[in-house]
Amino acid sequence: MNQSTHILAFLRHGEYHQKPNTPSALQHGALTTLGQQQAARAAEDVHRYAQDHNLNIHPAIDSSHSLRAWQTADILQRELKSQTGFQGHVVEHETLHERSVGALANLSVTEIEYLLEQDPRTEAPPLNWKSDSHYRLPVHGAESLLSAGERVAGHINRTFASLAQTETSPTLKIVVGHGASFRHAAFLLGLLSFEDIAQKSMYHARPLYFEYRTPSQNWQHCHGEWKQRARANPSMID
């Protein structure tokens, strides 16, 4: 590992109470008991990785505004404090949220498709609209998956460009967010091929580690496993 580089530890939130057959985008469900356990185990993983690679853990843990992401980050920082005396805090960022479905947030897939069918201004969405990286629901506030990925990638690049200027020792920065928006960010950061976006997923609250390399300002996956999908799933909603 190059001593001038810094490390991103990205976690998808833990398992949470999710409405069935409903895009996860703006759901506000809390972590399940299992999700809380997953977040606690993540602290052990992060602590071990930082120790093994002589990294300082940055005190600010970035998280999206969603309850499940914030709870994951909060449990993580409390466990790190208990294990190591870590003095950290959670900082919430809108830029880390999942893809927004705008005015159709928290409706089921069936309800969304019915409402679009009733709107004479809109065409029926494609069958794979939930996983189509380019498709944006034709309603106020909606995003495509790629535009959500651009948000997340921008946040990560800005954060690490700043770290490169301010942190003189190798640093591990924890970011907690969402699977689909991060996979699209990973594509934009050069960490996944476009085809891999649909083939890969993320385990709940299991860190993936990436090196930020200066002065080239590029990224390399250095530890942790993507979850492999059995096949691309056109109905996926996470």
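Visitor: How much space lies in the second largest cavity?

Guide: About 30 Å³, a volume being the space filled by probe spheres set on grid points joined across faces, edges and corners. This is a predicted model, where local features need pLDDT of at least 70, side-chain atom pairs count only at pLDDT 80 or more, and totals for chains, interfaces and linings use all residues. Residues are numbered from 1 along each chain as its sequence is written, and side-chain values use heavy atoms, without hydrogens and water.

Visitor: What makes residues the lining of the second largest cavity?

Guide: A cavity is a set of points, on a 1 Å grid over the protein atoms alone, where a 1.4 Å probe fits but cannot get out, and lining residues have an atom within 4 Å of a point. Here they are Arg99, Ser100, Val101, Trp129, Tyr135, Arg136, Leu137 and Glu143.

Visitor: Why is Glu111 called partly exposed?

Guide: Buried means under 20% relative accessible area and exposed over 50%, with a 1.4 Å probe and protein chains only. Glu111 has 39%, which lies in between, so it is called partly exposed. Its place is in helix H3, residues 109-118, a helix being a DSSP run (H or I) of at least four residues, numbered from the N terminus.

Visitor: How do you know that the buried residues of H3 line one face?

Guide: Val109, Ile112 and Leu116 are buried. Seen down the axis of H3, the buried residues fall within an arc of 65°, so they line one face; the arc is that of the directions from the helix axis to the C-beta atoms. On the other side of H3, Thr110 and Glu117 are exposed.

How values were computed
Helix = DSSP H or I, 4+ residues; strand = E, 2+ residues; numbered from the N terminus. 1 Å grid on protein atoms, 1.4 Å probe; cavity = no way out; pocket = protein on both sides within 12 Å on 5 of 7 lines; lining within 4 Å.
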